[in-house]
Amino acid sequence: MPRPQYVLVCKSVGCNPSDGLDIDHLRLVYASQGADIDEDYLTVFSKKKEASSKDDDNVLEVGEDGVDISSS
């Protein structure tokens, strides 16, 4: 994310860009987009656990659009 966009996001949820987003601010960002941080967390980490037990290409698909998250 470009720095100016990051600063705008921080200011929109009431945090100092130098301090960054804490979990409460991150929840506000998610909520403003109609997303659920807890659901995404469970999706990523439950699939990561399953993927780590398999010998595959280490790519996780997250969300309805199938966004790939490569793991190392």
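The questions below go from the overall fold and its confidence to individual side chains.

Colleague: Which element of the protein chain has the lowest confidence?

Modeller: The protein chain has a mean pLDDT of 74, with 64% of its residues at 70 or more. Where pLDDT is low, the predicted coordinates should not be read in detail. Confidence is highest in helix α1 (residues 3-12), at a mean of 87, and the lowest mean, 54, belongs to strand β2 (residues 67-70).

Colleague: What share of the residues in the protein chain is buried?

Modeller: The protein chain exposes about 5,700 Å², of which carbon and sulfur atoms supply 50%. Among its contacts with a separation of 6 or more, 2% are between residues 24 or more positions apart. Helix α1 is hardly covered, with one buried residue among its 10, and over the 72 residues of the protein chain the buried share is 15%.

Colleague: How many disulfides does the count come to?

Modeller: A disulfide is a covalent bond between the sulfur atoms of two cysteines. Cys-10 is buried, with a relative accessible area of 0%, and Cys-15 is buried too, at 10%. The cut-off for a disulfide is 2.5 Å between the sulfur atoms, whereas the sulfur of Cys-15 lies 3.7 Å from the closest cysteine sulfur, that of Cys-10, and is therefore too far for a bond. The count of disulfides accordingly comes to zero.

Colleague: With which residues is His-25 in contact, leaving aside its neighbours within four places in sequence?

Modeller: His-25 is found in helix α2, and because its relative accessibility is 17%, it counts as buried. With the neighbours within four places in sequence left aside, the contacts of His-25 are Val-13, Gly-14 and Cys-15.

Colleague: Which side chains meet in a salt bridge?

Modeller: Side chains of opposite charge can pair when their charged atoms come close. The structure holds one salt bridge, with 3.1 Å from N to O, and it links distant parts of the chain, from helix α2 (residues 23-32) to helix α3, 11 residues apart.

Colleague: What is the angle between the planes of Tyr-41 and Phe-45?

Modeller: A search of the whole structure finds one aromatic pair, formed by Tyr-41 and Phe-45 at 4.5 Å centre to centre. Being four residues apart in helix α3 (residues 37-52), Tyr-41 and Phe-45 are separated by about one helical turn, and Phe-45 counts as partly exposed at 42% relative accessibility. An α-helix has 3.6 residues a turn, so residues three or four places apart point the same way. The pair is tilted, and the angle between its planes is 45 degrees.

Technical notes
Residues numbered from 1 in each chain as written. Predicted model: local features only at pLDDT ≥ 70, side-chain atom pairs only at ≥ 80, totals over all residues. Heavy atoms only, no water. Buried < 20%, exposed > 50% of the residue type's maximum accessible area, 1.4 Å probe, protein only. Contact = heavy atoms within 4.5 Å. Areas by Shrake-Rupley, 256 points an atom, 1.4 Å probe, with all protein chains shown as cover. pLDDT = per-residue confidence, 0-100. Helix = DSSP H or I, 4+ residues; strand = E, 2+ residues; numbered from the N terminus. Phe/Tyr/Trp six-rings, centres within 6.5 Å; stacked < 30°, edge-to-face > 60°. Salt bridge = Lys/Arg side-chain N within 4 Å of Asp/Glu carboxyl O.
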